[in-house]
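I opened the notebook to look up the core and the sheet. My entries follow the display.

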Amino acid sequence: MHNIINFLDPKNALELRDWVALCGLLFTIFSFFTAQYLTARSQRLTRQLAVRPYFLITRAKNKIKLSTEEEGIGAGMMIVTKGYRELSGAHARDKQINGTNVDTLYYLRIKNLGPSYALDCKFHVKCKEKDNGETWDIEGYMPIFNKDEYIYIPLENVRYYNSNQGIKDIKISFKTQSKESLVVRQFSTESPNMKVVISKKIFWGLFNKKIVEFSDVNGVFRSVD
């Protein structure tokens, strides 16, 4: 009890200059750790940007038997879909589909522009038959997508081969060299233009945080952020 009374004695209380010195010390410690955190965050973002790949996504009509000798075809890999196997079989047997020979297909052509590779790539494409509005989904997977490489995804469906078709939505999920989990979405708006949104998965993949958004304006994609 005697010790408690001494502690509560006003004579032992800190003077104003002591409080000022204590606050100054706490502020210095807080400023130091804040600066360290901001520096580490900036360095982490710099590393992420240095290895974050970007994709060039186009839709093109090419021969069913892809070859680098064909104009516009670069070295890469093709994801073999169910529709491609069926149409390739019809081509091998010279069988017509919907009254036409199966010589060409629409492909989704994706080029990794770099600066690094992408890992654990999941592709989802929703196609649409423009006359009746019916849709079909195409999915694919590639464990690694190297810089300057192409990936080709056949978009055709046997039922709608040689019809008036287009792409409604494209979604690419992948991981970067710095272990970022990103999602690229390209989809049609109500206008004829396209929109591209790049998002980052946060909180163990439960939420997506938009990094940047592009919109097709007169044939040129521009940031709208």
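I take contact to mean heavy atoms within 4.5 Å. The model is predicted: local features need pLDDT of at least 70, side-chain atom pairs count only at pLDDT 80 or more, and totals for chains, interfaces and linings use all residues. Residues are numbered from 1 along each chain as its sequence is written, and side-chain values use heavy atoms, leaving out hydrogens and water.

**Entry: F55.** I looked up what F55 touches. Leaving aside residues up to four places away in sequence, its contacts are I110, K111, N112, L113, A118, F145, I172, F174 and V184.

**Entry: the cores.** I looked for nonpolar cores (sets of buried Ala, Val, Leu, Ile, Met, Phe, Trp, Tyr and Cys residues joined through side-chain atoms within 4.5 Å). Buried is under 20% relative accessible area, exposed over 50%, partly exposed in between (1.4 Å probe, protein chains only). The largest core has 27 residues, and F55, L108, I110, F123 and I172 touch the most other members. Strand 4 (118-129) is among the strands that each supply at least two residues. Strand 4 gives the largest share, five residues. A second, separate core has twelve residues, including Y107 and Y150.

**Entry: the sheet.** Strands here are DSSP runs of E, at least two residues, numbered from the N terminus. Two strands pair if DSSP finds at least two bridges between them. Which order do the four strands of the open sheet take? I read 1-3-6-2, with mixed pairing. Strand 1 and strand 2 (76-78) each have a single partner strand, so one side of each lacks a neighbour in the sheet.

**Entry: strands 1 and 3.** Strand 1 and strand 3 run antiparallel, joined by ten bridges. L56 has K111 in strand 3 as its bridge partner.
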